Amino acid sequence: MASNHSATEQSTKRHKVEGTKKHIIAFLFSVLLTFIAFATVISGEINKDFIYIILIGLAILQVFVQMAFWMHMKDRGHMFAIIGILTGVFVVFSCVIMAEYWAWW
Amino acid sequence: MSAHSHIEGQLPHEPEKATLEGRNKVLGFWLFLGGETVLFGTLFSAFLALRHQVLDGPPPHELFQLPLVAIATALLLTSSLTSVFAVHALHTNRVKALINWLIITVVLGAAFLALEIYEFYHYVHEGHGFTTSAFSSSFYTLVGFHGAHVAFGIVWISIIIAQLMKKGLNVVTAPKVYVSAMYWHFIDVVWVFIFTVVYLMGKVV
């Protein structure tokens, strides 16, 4: 039991829980990206095709930040999680490209 | 780390992954989220293909009001942060804080849902019904599916809160909290694409 206890204490040190600071930074970064996206549209100064690229780019960046930090995907042992989600994303891109450039016209 | 390696009355670290069942639950949930990605992807692709077919209904740039969308986005983004705080409370074994953060998450989610219901109600009065045009049908299907996910999440997390109050935090309840927080983040991630593709791109004339 004593050795068991010391093992638990060791693992306490190894698995030190990270603070909430990085989550708040991820939140502020998400707010900033959202603000830029809204401001780009409200200003109405930018060319239509270019604005789509900016908006989609901002969205992908924000999702990347949230998945890495909030869904813990940057942590170890998430290989199957990444494979699962990427498979979904692959199907999504196929569907979007099919619908946008092929099926309707 | 097996379920029995911790001493009595003390939770192991990352209790959501301390048992095989918990680990399998998390892995299975990731695969489920992959499937959910496909579900929303097909709805997004349908919307993208049909969004210009407005017939006699109001076009998106006349219909959408960005302040309302901005408030909804702020609510959901903040609720995603509070659910991450809940998981942090889970990892530091503070049950009371965990329950409080989950309650705040549910309340913010409910506020988002109320705003969405008001929004749909308002649109219908503007002549944007479900069957008005291909644009309106694909809009309500996509945004409505997201709203239904929020509603489901509210009910689910509320039940988990009740269970935490009754049974406390252990290796059985911890994976449930962890997985529901993942679900909630996923809802927020989908909303990022909805406010981008549906509302902001709809506002660009």
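Colleague: What covers the buried residues of α2(A)?
Modeller: The cover includes α3 (48–69) of chain A, along with α3 (66–91) and α6 (173–203) of chain B. Buried means 20 or more other C-beta atoms within 10 Å of a residue's own, with C-beta atoms placed from the backbone. Helices here are DSSP runs of H or I, at least four residues, numbered from the N terminus. This is a predicted model: local features need pLDDT of at least 70, side-chain atom pairs count only at pLDDT 80 or more, and totals for chains, interfaces and linings use all residues. Residues are numbered from 1 along each chain as its sequence is written, while chains are lettered from A and ligands numbered from 1 in the order written.

Colleague: Which residues of α2(A) are buried?
Modeller: Phe27(A), Ser30(A), Leu33(A), Thr34(A), Ala37(A), Phe38(A) and Val41(A).

Colleague: And what happens just after α2(A)?
Modeller: Gly44(A) takes a positive phi there, about 60°.

Colleague: How many residues of chain A are in contact with chain B?
Modeller: 46, and they meet 42 residues of chain B. Contact means C-beta atoms, placed from the backbone, within 7 Å.

Colleague: Which element of chain A gives the largest share of that side?
Modeller: α4(A), with 15 residues. The elements giving two or more residues are α1 (2–14), α2, α3 and α4 (79–103) of chain A.

Colleague: Back to chain B. At what angle do α3(B) and α6(B) pack?
Modeller: About 160°, and their axes are 9 Å apart. Axes are lines fitted to C-alpha atoms over the stretch in contact, and angles run from 0 to 180 degrees between N-to-C directions. So α3(B) is roughly antiparallel to α6(B), a label for angles over 145 degrees.

How values were computed: Buried ≥ 20, exposed ≤ 12 C-beta atoms within 10 Å, placed from the backbone. Contact = placed C-beta atoms within 7 Å. Parallel < 35°, antiparallel > 145°, perpendicular 65-115°, else oblique.
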